[in-house]
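Keep the structure open as you read.

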Amino acid sequence: MRYLKYFGVQLKRTVKLAVGVFPTAMLLFACLGIAAYFFLTSGPLVERQKKYQIGVVGKIDDTYLGFGIYAVQTLDSTRFVVDFIPMEEEEAKKAFRDSSLVAYVKVPDEFLESLIYGRNDTPITYVASEGQKGIDGYLMDELATLVSRLVVSSQGSIYAFQDVVYAYGDASQLDQWTDEINLRLIENVLARTKFVELRELGLSKGLLIRQYYFCAIVLLCIFLFGISSASFFLKRNHDLGKWMRIRGIGPIAQVMSEYLVYFLLMAACVLIPLLVAYTVTGGFGFLKMKIYLDEWILALIPILMMVSAFHFVLYEVVKNPVANLLLQFLGVIGMGYVSGYIYPASFFPEGIAFVGRILPTGVALQAFCNAMLQESGRAVALTELLYFVCFLSLSILSRRRSILKENA
């Protein structure tokens, strides 16, 4: 009975503190939610989907080159990736310096004639960034190399065919045959995307990028909740442990009662906003996958148990408030970074990625990703349980040491 009374006292105390903890937690969720919204709608994920702008300098309107660019812009699959914009050279230089253009090309007046007659002595000037460049710069460099190889290879095949006809055959229908081969080459180039199958592998067992980072942001909120709930731990009466031990409530009962109350507080502050977001967004429709709410919550509970025990042991071991909050913030951000919360773990060397996977942040991310994919992970569940037991055991040992020290 005395254990229930102690639990009831802690529960009443927590209800009073929840008035301040809950709004702080909601503010944290709102800030991270807003950051996630801009990340998904106007961040790198959207930047990748924008067309790259390439300027074209030269007289192309009344030439076959202009027709070719028009065909590429209307028929070829690159029309979804690149826009070729005719402009004057000074205008192109200014736009390139302002980063409005990824690159620009300068087409000499003699280029088409040189290409038609096979001289290839008048090259196009391709202007791109030097030194450190982003993914768009590398993509444009690869595109320029690919176009050059296609043009040169096609040109070489045409002239090789004509040489063979002149040497060994009847050249009376050469023009017709040349046109047919040109058309066939153009058809093959335009149909090149049919030669391969595109499949987005995603991250972490096939999750799309938006799904993966949704998991990472939710878990980041959960791990940072310990900072929001500082009042729960810092306003405790540290002499209470000694008096409760005299009344027959030892360190184990104290820690388990306080931990259970904190777990309930954390579960309420995490699940309530998620349920609201689930309702408002139509079952997280922006994730483009079916979310089964009951299974999802059941998967979150072990994660909440582990993380709440992690917070509990930190506050139990590190008594200084400033040092504790700094340790939590830097520790969570550091562990989250290594575990793939900012960059996917595949970006790191295998050694660092392995460390990230076995950290609490990495275990939580694997468990949450499994829940999103409706997969079972026995090893991950056992690791969560191991962390939970270790954190609570350390909390009990620290409480016992603190009580014995006070009694000494």
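Q: What percentage of the residues in the protein are buried?
A: This is a predicted model. Buried residues make up 38% of its 408 residues. The protein has 16 helices and four strands.

Q: Why is Ala299 called buried?
A: Ala299 has 19% relative accessibility. Buried means under 20%. Ala299 therefore counts as buried. This residue is found in helix α12.

Q: Why is Leu330 called exposed?
A: Its relative accessible area is 58%. Exposed means over 50%. Leu330 is therefore exposed. Leu330 is found in helix α13.

Q: What makes up the largest nonpolar core?
A: The core has 66 residues. Ile222, Trp296, Phe368 and Met372 are those with the most contacts inside it. Elements that give two or more residues to this core include α1 (2-42), α11 (251-280), α12 (293-317) and α16 (378-407). The largest share, 14 residues, comes from α8. Another core lies apart from it and has seven residues, including Val57, Met87, Ala92 and Tyr104.

Q: Which residues does Ile222 contact, leaving aside its neighbours within four places in sequence?
A: They are Met266, Val270, Leu300, Leu304, Val307 and His311. Contact here means heavy atoms within 4.5 Å.

Q: What share of contacts between residues at least 6 apart in sequence joins residues at least 24 apart?
A: The share is 74%.

Q: Why is the ring pair of Phe310 and Phe391 called tilted?
A: First check that the rings pair. Their centres are 5.6 Å apart, and the cut-off is within 6.5 Å. Now take the angle. Their planes stand at 55 degrees. Under 30 degrees counts as stacked, over 60 as edge-to-face and the rest as tilted. The pair is therefore tilted.

Q: What does the pair of Phe310 and Phe391 tie together?
A: Phe310 lies in helix α12 and Phe391 in helix α16, so the pair ties together parts that are 81 residues apart in sequence. Both Phe310 and Phe391 are buried. Ring pairs also link these two with Phe223 and Tyr387 into a cluster. The structure holds 13 aromatic pairs.

Q: How do you know that Glu89 and Lys106 form a salt bridge?
A: Their closest N and O atoms are 3.4 Å apart. A salt bridge needs a side-chain nitrogen of Lys or Arg within 4 Å of a carboxyl oxygen of Asp or Glu. The pair therefore qualifies. The structure holds seven salt bridges.

Q: What makes this pair a tie between parts of the chain?
A: Glu89 lies in helix α4 (residues 89-97) and Lys106 in strand β3 (residues 103-106). The two parts tied together are 17 residues apart in sequence.

Q: Why are Glu89 and Lys106 each called partly exposed?
A: Glu89 has a relative accessible area of 25%. Lys106 is at 34% relative accessibility.

Q: Is Glu316 buried or exposed?
A: Glu316 is at 2% relative accessibility. The limit for buried is under 20%, so Glu316 counts as buried. Glu316 forms a salt bridge with Lys319, with the closest N and O atoms 3.8 Å apart. Lys319 is at 40% relative accessibility and counts as partly exposed.

Q: What makes the link between Arg357 and Glu350 a salt bridge?
A: Their side chains meet at 2.8 Å, N to O. The cut-off is within 4 Å, so the pair counts as a salt bridge. Arg357 is partly exposed, with a relative accessible area of 30%. Glu350 is at 54% relative accessibility and counts as exposed. Elsewhere, salt bridges that share partners join Glu258, Glu316, Lys319 and Arg399 into one network.

How values were computed. Residues are numbered from 1 along each chain as its sequence is written. This is a predicted model: local features need pLDDT of at least 70, side-chain atom pairs count only at pLDDT 80 or more; totals for chains, interfaces and linings use all residues. Side-chain values use heavy atoms; hydrogens and water are left out. A nonpolar core is a set of buried Ala, Val, Leu, Ile, Met, Phe, Trp, Tyr and Cys residues joined through side-chain atoms within 4.5 Å. Buried means under 20% relative accessible area, exposed over 50%, partly exposed in between (1.4 Å probe, protein chains only). Rings of Phe, Tyr and Trp (its six-membered ring) pair if their centres lie within 6.5 Å; planes under 30 degrees apart count as stacked, over 60 as edge-to-face and the rest as tilted.
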